[in-house]
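Subject: Structure for you to look at

Hello,

Here is the structure I said I would pass on. Please open it before reading further, and keep it beside the text.

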Amino acid sequence: MFMPGNTVFLIALYKKGKIFEYKIIQFMGMLSYPLYLIHQNLAYLIEFNLTKKYNQVPLNLIAGGAFLVVLLVGIGLYYLIEKPVQNWIQNSKILGNIGKE
């Protein structure tokens with residue numbers, strides 16, 4: 001099966017790494033860690049509670065809604081927590097020098 005990740009990898013090989021200059025690829029990379037942290041638990045809570053309460057709603061609609069909520073929470077986590085912590089670490093006199101030897 002040919003997966004989207006394989007497509008990105010093949011384009012990266014063809015373009016010799018220039019694919020990482022595209023803003024959408026940078027945005028996806030920026031969101032990868034926050035989404036990794038929250039996707040399973042948050043999506044499960046949303047889907048479980050909504051299917052239990054609204055069993056007449058199609059599962060595709062509930063899953064799509066859960067996807068959007070997880071995506072928005074991931075974006076929020078990045079901009080409200082991860083990015084400020086990264087800046088704080090880089091500006092820190094002690095932690096900011098790690099790896100600069």
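Below is what was found in it, going from the whole chain to single residues.

Please keep in mind that this is a predicted model.

The whole chain

The protein chain contains three helices and zero strands. In sequence order the pattern is α-α-α. Of its 101 residues, 16% count as buried. The chain exposes about 8,500 Å², and carbon and sulfur atoms supply 68% of that area. Take the contacts between residues at least 6 apart in sequence: 51% of them join residues at least 24 apart.

Helix α2

The buried residues of α2 are Ile25, Met30, Leu31, Pro34, Ile38, Ala43 and Ile46. They pack against α3.

Helix α3

Helix α3 covers residues 59-91, which makes 33 residues. At 1.5 Å a residue it should span 48 Å, and the distance between its end C-alpha atoms is 46 Å, so the two values agree. There is a bend here too, of about 35°, at Tyr78.

Tyr78 is also one of the buried residues of α3; the others are Ile62, Ala66, Val70 and Gly74. What do the buried residues of α3 pack against? Their partner is α2, residues 23-53.

An α-helix has 3.6 residues a turn, so residues three or four places apart point the same way.

Aromatic pairs

The structure holds three aromatic pairs. One of them is formed by Tyr44 and Phe48: the ring centres are 5.6 Å apart and the planes lie at 20°, so this pair counts as stacked. The cut-off behind that step is that planes under 30 degrees apart count as stacked. Tyr44 and Phe48 are four residues apart in helix α2, so about one helical turn separates them.

Is Phe48 buried, partly exposed or exposed? Its relative accessible area is 39%, so Phe48 is partly exposed. Buried would need a value under 20%, and exposed one over 50%.

Regards

Note on methods. Residues are numbered from 1 along each chain as its sequence is written. This is a predicted model: local features need pLDDT of at least 70, side-chain atom pairs count only at pLDDT 80 or more; totals for chains, interfaces and linings use all residues. Side-chain values use heavy atoms; hydrogens and water are left out. Helices (H or I, at least four residues) and strands (E, at least two) are DSSP runs, numbered from the N terminus. The expected span of a helix is 1.5 Å times one less than its number of residues. The bend at a residue is the angle between axes fitted to the seven residues ending there and the seven starting there. Buried means under 20% relative accessible area, exposed over 50%, partly exposed in between (1.4 Å probe, protein chains only). Contact means heavy atoms within 4.5 Å. Accessible areas come from the Shrake-Rupley method with a 1.4 Å probe; for residues, only the protein chains shown count as cover. Rings of Phe, Tyr and Trp (its six-membered ring) pair if their centres lie within 6.5 Å; planes under 30 degrees apart count as stacked, over 60 as edge-to-face and the rest as tilted.
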